[in-house]
Amino acid sequence: MKNNTFINGRMALACILFSLILFSCKYKDGPAISFRSADSRIIGNYEADAFTVDGQDALQLWKDSISDIIFSLYHEVEPTDNYWISTRVKSEFLSGNYKLVADDTQLLIYSLEETAAFPGAGPFRENKESTWDIYKLSKKRIWMQTEFEGHIYYVELKQIE
């Protein structure tokens, strides 16, 4: 009887762990389990590793036309509701707010304002709002996609610094 209880307990534990792994993945491209919140994983400075518009590679065109863009996502003060996003090319900035929505599976970017001579590009533009579906959110990578003004934008960001 004691052996049966031990075996049943192990089977129950295995079922619980399997369920957690199977159903805990919020993002299409993992990670399956993370002990850090989405909010803490998203903070950082990023550069684009991939950028497509309607499935066509646009990364080099983007870099040629507006140089290398660095994306910064951060909190002004912890804890607060002031979450800031900034895109910059050298000393020119486009800044605004972001928040994670839809159970942390989407990134809403809003209130973008030009702070220098950089009006932005595509969905990263002054006075534009975009909601990005997050496919991957790890400590060092964000992969996301949005439909904006009739086009599908996909970007893979990798953390720098």
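Which strand does S86 lie in? S86 lies in strand β4, residues 83–89. This is a predicted model, where local features need pLDDT of at least 70, side-chain atom pairs count only at pLDDT 80 or more, and totals for chains, interfaces and linings use all residues. Residues are numbered from 1 along each chain as its sequence is written, and side-chain values use heavy atoms, with hydrogens and water left out.

View 1. Strands here are DSSP runs of E, at least two residues, numbered from the N terminus. S86 counts as buried because its relative accessibility is 3%, the cut-off being under 20% relative accessible area with a 1.4 Å probe, protein chains only. Leaving aside neighbours within four places in sequence, S86 is in contact (heavy atoms within 4.5 Å) with I70, F71, S72, Y74, F93, L94 and S95.

**View 2. E156 in strand β11, residues 151–160.** Not counting residues up to four places away in sequence, E156 touches E47, A48, D49, A50, I142 and W143.

**View 3. β9 and its two partners, β6 and β10.** Pairing takes at least two DSSP bridges between two strands. Strand β9 (residues 130–137) pairs antiparallel with β6 (residues 106–114) over four bridges, with Q106 bridged to D133. Four bridges also join β9 to antiparallel β10 (residues 141–148), including L137 with I142. β9 and β10 form a hairpin with three residues between them.

Terms used
Buried < 20%, exposed > 50% of the residue type's maximum accessible area, 1.4 Å probe, protein only.
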